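These are my notebook entries on the structure shown below. I looked up contacts, domains, sheet order and helix packing in turn.

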Amino acid sequence: MYQDVILDHYKHPHGRGLRDGDAEVHHVNPTCGDEITLRVKLDGQRIEDVSYEGQGCSISQASASVMNELLVGKELAEAQQIQGVFLELMQSKGKLEPDDAMEEVLEDAVAFAGVSKYPARVKCALLSWMAWKDATAQALKETPA
Amino acid sequence: MTLQPGGGLLDTDLIRKDFPILDREIHDGKKVVYLDNAATSQKPRQVLDAMNAYYERSNANVHRGVHVLAEEATALYEGARDKVAAFINAPSRDEVIFTKNASESLNLVANMLGWADEPYRVDSDTEIVITEMEHHSNIVPWQLLAQRTGAKLKWFGLTDEGRLDLSNINEVITEKTKIVSFVLVSNILGTVNPVEQIVRRAQEVGALVLIDASQAAPHSVLDVQALEADFVAFTGHKMCGPTGIGVLWGRLELLEDLPPFLGGGEMIETVSMHSSTYAPAPHKFEAGTPPIAEAVGLGAAVDYLSSIGMDKIAAHEHAITEYAVKRLQEIPDLKIIGPVTADDRGAAISFTLGDIHPHDVGQVLDEQGIAVRVGHHCARPVCLRYGIPATTRASFYLYSTPAEVDALVEGLEYVRNFFG
């Protein structure tokens with residue numbers, strides 16, 4: 001479960017810290033107290049920034065870091081597709097073996113495949129992604145295309 | 001160092017033979033080290049056998065049946081009530097109400113008081129007192145009652161050492177206080193609270209006292225008369241019994257005066273389409289088919305615990321706790337949240353380990369076969385009070401051994417290196 005990639009992101013998180021955004025959300029994982037405050041900054045249909053501050057376990061914190069690395073600079077449609085693939089992987093209960101195509105989409109996030117075997121930890125891995133989805137929806141409402 | 005049997009320790013080799021699950025191997029042949037007893041205890045064969053025997057030989061619904069099986073089931077169910085009454089030194093068996101768990105017991109009292117007439121009624125002119133170290137099950141029912149009645153909810157804060165701050169006891173418990181509800185032994189801090197001082201003050205102002213003994217009943221002698229409370233709540237599954245059975249003990253005159261909460265079969269005397277009269281306690285508070293097999297299991301559990309001796313169990317756990325508190329504090333960066341000695345403390349020990357999140361601590365311990373609980377332990381206000389998101393909690397019981405404490409300490413060293 002604790003792949004080196006995950007531990008690396010945990011110890012050296014990418015893009016951590018709150019910066020300017022179009023919308024801000026605060027999500028918690030009530031079972032373990034993981035928390036994240038996350039802001040999304042859009043530039044039209046492109047994600048200009050995903051900034052965040054949080055506390056929690058290595059899985060939740062590393063997942064936010066991986067997400068930042070993956071999504072910043074992407075077009076919204078592509079980011080949503082990536083989020084969908086990550087969600088599918090995390091809901092696979094350890095039965096989905098990531099193939100090359102999936103690895104190409106998810107990059108470092110494939111390291112979380114092992115987490116999907118642990119029902120109690122799936123929420124940790126998904127916390128930042130759900131926060132991003134929520135913040136993006138709010139940002140789109142704020143700034144209609 | 002290792003503790004030698006004799007220093008108050010029980011013969012755990014013998015006791016562990018009664019608990020089949022403790023032989024279970026997990027994660028490629030590691031014997032499970034079960035240190036999550038404050039969440040639920042394991043069950044001895046004697047309890048499992050009693051429940052099986054009930055289902056295999058005597059299963060029927062209780063009360064009013066005129067056939068052999070119904071009579072046997074009733075005798076077993078009511079026999080369990082006798083056993084529990086004796087176990088807690090209740091003056092009368094009729095003071096023992098079977099519930100689903102301690103949460104239901106606590107909610108039951110809150111609802112009795114919410115619907116009661118004077119002098120018990122909780123309303124907008126009155127106050128409810130709890131403490132900051134309560135389990136959510138002894139916070140939320142009172143928040144609900146306060147919201148519904150307009151009563152004021154007050155609480156005792158905590159000291160930095162993990163104990164109740166009773167310095168302002170006369171301001172917290174006042175003439176307006178109707179009920180004081182507090183935990184005897186904290187499930188997160190391990191603190192054993194000073195019952196007498198709180199009960200004295202409550203009696204001075206004529207307030208009722210409810211004690212949550214969920215973490216006390218499994219571990220030491222519970223004498224409801226010595227506590228001098230009005231109600232005592234606890235649950236079966238933390239004391240070698242099954243899930244689905246809890247107990248509310250209440251003083252008989254109160255149970256006679258206070259109104260029922262759940263209505264249904266078994267709790268009535270007569271029913272017409274216009275109104276009903278109620279059965280005497282305890283049945284007044286036991287609507288519907290009760291958890292019969294679970295009560296039988298709880299009866300077997302108190303027999304089992306009594307056969308070993310609650311004083312001996314308490315001495316064993318005290319020795320284990322003393323050893324664990326000492327060994328844990330040898331670990332760099334480990335901080336115990338709660339009393340740092342074994343004095344006036346139970347066998348649940350919460351701690352933080354540097355800035356490694358408890359979920360990571362628990363996960364890596366699990367990989368080594370060690371079961372602990374992580375999170376806020378349904379006592380989030382305690383975590384807020386000490387400025388931490390969560391803790392790791394190891395909790396011991398009558399079958400816990402010094403070797404298991406050593407395994408925990410080794411496991412935690414491994415965790416430190418893993419995330420270091």
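**Entry 1, chain contact.** I began with the contact of the two chains in this predicted model. I found nine residues of chain B in contact with nine residues of chain A. On the chain B side, helix 12 (358-367) and strand 16 (373-375) are the elements that give two or more residues. Helix 12 of chain B provides the largest share of that side, three residues. I sorted the side of chain B that touches chain A by class and noted three nonpolar, five polar and one charged residues.

**Entry 2, domains.** I then consulted the domain assignment of chain B, which gives domain 1 as 12-31 + 309-419 and domain 2 as 48-307. Taken over C-alpha atoms, the centres of the two domains of chain B are separated by 28 Å. Between them, 23 residues of domain 1 are in contact with 22 residues of domain 2. On the domain 1 side, helix 11 (310-328), strand 14 (348-353), helix 13 (380-385) and strand 17 (391-395) of chain B each supply at least two residues. Helix 11 of chain B gives the most, with five residues. By class, I recorded 12 nonpolar, five polar and six charged residues on this side of domain 1.

I traced an open sheet of seven strands in chain B, with the order 4-10-9-8-7-5-6 and mixed pairing. Which strands stand at the edges? They are strand 4 (96-99) and strand 6 (152-156) of chain B; each has a single partner strand, so one side of each is left without a neighbour in the sheet. On average, neighbouring strands of this sheet are turned by 20° against each other, direction ignored. I examined strand 5 (residues 127-131) of chain B, which runs parallel to strand 6 of chain B and is joined to strand 6 by five bridges. In this pair, Ile128(B) is opposite Leu153(B) of strand 6. I also noted that helix 7 (residues 195-205) of chain B lies across strand 7 (177-183) and strand 8 (208-212) of chain B, at about 170° to strand 7.

Last, I looked up helix 2 (residues 45-58) and helix 10 (residues 292-308) of chain B, which pack at an angle of about 145° with their axes 8 Å apart. Their crossing is right-handed. Among the residues that meet are Ala50(B), Met51(B) and Tyr54(B) in helix 2 and Val296(B), Gly297(B) and Tyr304(B) in helix 10. I counted the residues of this contact by class as 10 nonpolar, two polar and no charged.

Technical notes: Residues numbered from 1 in each chain as written. Chains lettered and ligands numbered in written order. Predicted model: local features only at pLDDT ≥ 70, side-chain atom pairs only at ≥ 80, totals over all residues. Pairing = 2+ DSSP bridges. Helix = DSSP H or I, 4+ residues; strand = E, 2+ residues; numbered from the N terminus. Axes fitted to C-alpha atoms, helices over the stretch in contact; angles between N-to-C directions. Contact = placed C-beta atoms within 7 Å. Left-handed = near helix turned anticlockwise from the far one by under 90°. Nonpolar A, V, L, I, M, F, W, Y, C, P; charged D, E, K, R; others polar. Domains from an automatic or database assignment.
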